[in-house]
Amino acid sequence: MVSLESELDRARELDVAELADAIESIGFECTRCGACCKAAETDAGEDEEHTATVFPDEVRALEEQGEYDWRDVARPMPYGLTDVPEGPEGETFEWALQTTGCGDCTFYAEADDGTGACTAHDDRPLICRTYPFSVALEGSSQPMGEAVDRVGQVRAHECEGLGRDIDREDAEELAAALKRRSVRELEEAIGVRENYEPADPGPGEVVVHDSEGAKRPDGDPVER
């Protein structure tokens with residue numbers, strides 16, 4: 001098994017120019033359709049809440065940008081939690097961007113003509129900056145299902161903007177963000193592993209384990 005530390009070394013050595021070459025080869029231009037910011041429809045025809053990973057430092061940056069509190073920005077990633085009458089309970093290992101009542105990202109806004117926009121664009125998390133791309137490294141995540149295309153280490157995920165021409169400058173900017181995200185994901189995974197201690201949440205309680213330790217849904221540390 002490849003260690004997270006060795007994959008982190010690989011992530012730090014990624015060549016931004018090579019990543020940009022791959023992005024150029026695949027092609028991409030955001031059409032502002034909003035699909036990556038909204039609830040997705042499942043095979044059963046039901047809406048599945050938007051789930052975009054956000055790191056603790058990114059939550060704080062968004063808090064400061066809009067004078068929000070932690071719960072306004074992030075929620076416990078639902079994967080691994082159990083739904084009970086009182087709500088979700090259990091332990092999870094990531095934060096997801098908060099959603100609205102209809103399951104869309106809370107920072108997503110849509111104009112009358114259906115054009116989408118991010119109300120926190122300048123402070124948006126790395127996963128939003130780099131969608132629909134990811135890097136094929138163990139321990140890194142790939143958003144919204146399996147890849148539909150791949151060039152070298154760069155994977156492309158379903159998006160109507162794929163296959164469109166992209167300027168070299170934009171490709172390099174995206175590639176640099178993609179490298180930062182790859183490094184950050186692996187640093188976070190290592191931090192979670194090193195700081196993990198079973199929290200034994202009670203009925204109706206949720207604990208999120210991130211690289212800073214165990215937290216309550218409001219971002220406060222779990223008292224030991």
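Hi everyone. Two strands pair if DSSP finds at least two bridges between them, and strands (E, at least two residues) and helices (H or I, at least four) are DSSP runs, numbered from the N terminus. With that in hand, let's look at the structure above.

A word on where this comes from. This is a predicted model, where local features need pLDDT of at least 70, side-chain atom pairs count only at pLDDT 80 or more, and totals for chains, interfaces and linings use all residues. Residues are numbered from 1 along each chain as its sequence is written, and side-chain values use heavy atoms, with hydrogens and water left out.

Let's begin with a hairpin. Strand E11 (residues 147-151) and E12 run antiparallel, joined by four bridges. Valine 151 faces valine 154 of E12. Two residues sit between the strands of this hairpin, and glycine 152 has a positive phi near 60 degrees there.

Next, a sheet. Three strands form an open sheet in the order E3-E7-E4, with antiparallel pairing. Strand E3 (53-54) and strand E4 (74-76) are the edge strands, each pairing on one side only. Two bridges connect E3 with strand E7 (residues 95-97), and threonine 53 has alanine 96 in E7 as its bridge partner.

Now, charges. Side chains of opposite charge can pair when their charged atoms come close. A salt bridge here is a side-chain nitrogen of Lys or Arg within 4 Å of a carboxyl oxygen of Asp or Glu, and by this rule there are 15 salt bridges.

Which residue does arginine 10 meet in a salt bridge? Its partner is glutamate 7, at 2.9 Å from N to O. Both lie in helix H1 (residues 4-12), three residues apart, about one turn of the helix. For exposure, buried means under 20% relative accessible area, exposed over 50%, and partly exposed in between (1.4 Å probe, protein chains only). Glutamate 7 counts as buried because its relative accessibility is 3%, while arginine 10, at 38%, is partly exposed.

Another salt bridge joins glutamate 212 and lysine 215, whose closest N and O atoms are 2.7 Å apart. Glutamate 212 is partly exposed at 44%, whereas lysine 215, at 6%, counts as buried.

There is also a network of salt bridges linking Asp21, Glu24, Arg168 and Glu172.

Last stop: aspartate 167. Where does aspartate 167 lie? You'll find aspartate 167 in the loop between strand E12 (154-157) and helix H6 (168-195). Aspartate 167 counts as exposed because its relative accessibility is 53%.
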